[in-house]
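Subject: A model for you to look at

Hi,

Here is the structure I promised to pass on.

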Amino acid sequence: TCSFLDTDRALVLLEEYCEKLRKPEEQQLKKAIRKVMGIFKSSLFQALLDTFAKKAKRHGIISHPSLPVAVAYDVLGCPKD
């Protein structure tokens, strides 16, 4: 299931990307990514993620590594494989 470790991995990926955003025109993107990071750190997000993971596991539909990491890859434009 998804876990705090998955969220930590996503946060690391997003933080590394944010560090590369230095141009003035990139600051709006950086601000948006920081908002996503704040959501990932929230207890509400973790509770929703745990509920989703439990239901998905019960129905046998988890086939991807983690939702937070998948979202981070989407934000970064990285392949999910």
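Residues are numbered from 1 along each chain as its sequence is written, and side-chain values use heavy atoms, with hydrogens and water left out.

The average pLDDT (the predictor's confidence in each residue, from 0 to 100) is 78 for the protein chain, and 64% of the residues score at least 70. Where pLDDT is low, the predicted coordinates should not be read in detail.

On to the fold. The protein chain has four helices and zero strands, in the order α-α-α-α from the N terminus. Helices (H or I, at least four residues) and strands (E, at least two) are DSSP runs, numbered from the N terminus. Of the 81 residues, 30% are buried; buried means under 20% relative accessible area, exposed over 50%, and partly exposed in between (1.4 Å probe, protein chains only). Taking contact as heavy atoms within 4.5 Å, 59% of the contacts between residues at least 6 apart in sequence join residues at least 24 apart.

Which residues form the largest nonpolar core? The ten are Ala10, Leu11, Leu14, Cys18, Leu21, Ile33, Met37, Phe40, Phe45 and Leu49. A nonpolar core here is a set of buried Ala, Val, Leu, Ile, Met, Phe, Trp, Tyr and Cys residues joined through side-chain atoms within 4.5 Å. Met37 is worth a click: leaving aside neighbours within four places in sequence, Met37 is in contact with Leu11, Leu14, Glu15 and Cys18.

Glu15 turns up again in the structure's one salt bridge, where its side chain meets that of Arg34 at 2.8 Å, N to O. The pair links distant parts of the chain, with Arg34 in helix H2 and Glu15 in helix H1 (residues 4–20), 19 residues apart. The term stands for a side-chain nitrogen of Lys or Arg within 4 Å of a carboxyl oxygen of Asp or Glu. Both partners are partly exposed: Arg34 at 36% relative accessibility and Glu15 at 26%.

Gln46, in helix H3, is buried at 5% relative accessibility. Its side chain makes a polar contact with the side chain of Thr7 (2.8 Å). That term covers a pair of N or O atoms within 3.5 Å; within protein, one must be able to donate a hydrogen and the other to accept it, and residues adjacent in sequence count only if both atoms are side-chain atoms.

Last, Tyr17 sits in helix H1 and is partly exposed, at 25%. Tyr17 and Lys30 are 13 residues apart in sequence and 8.6 Å apart in space, C-alpha to C-alpha.

Best wishes

Conventions: This is a predicted model: local features need pLDDT of at least 70, side-chain atom pairs count only at pLDDT 80 or more; totals for chains, interfaces and linings use all residues.
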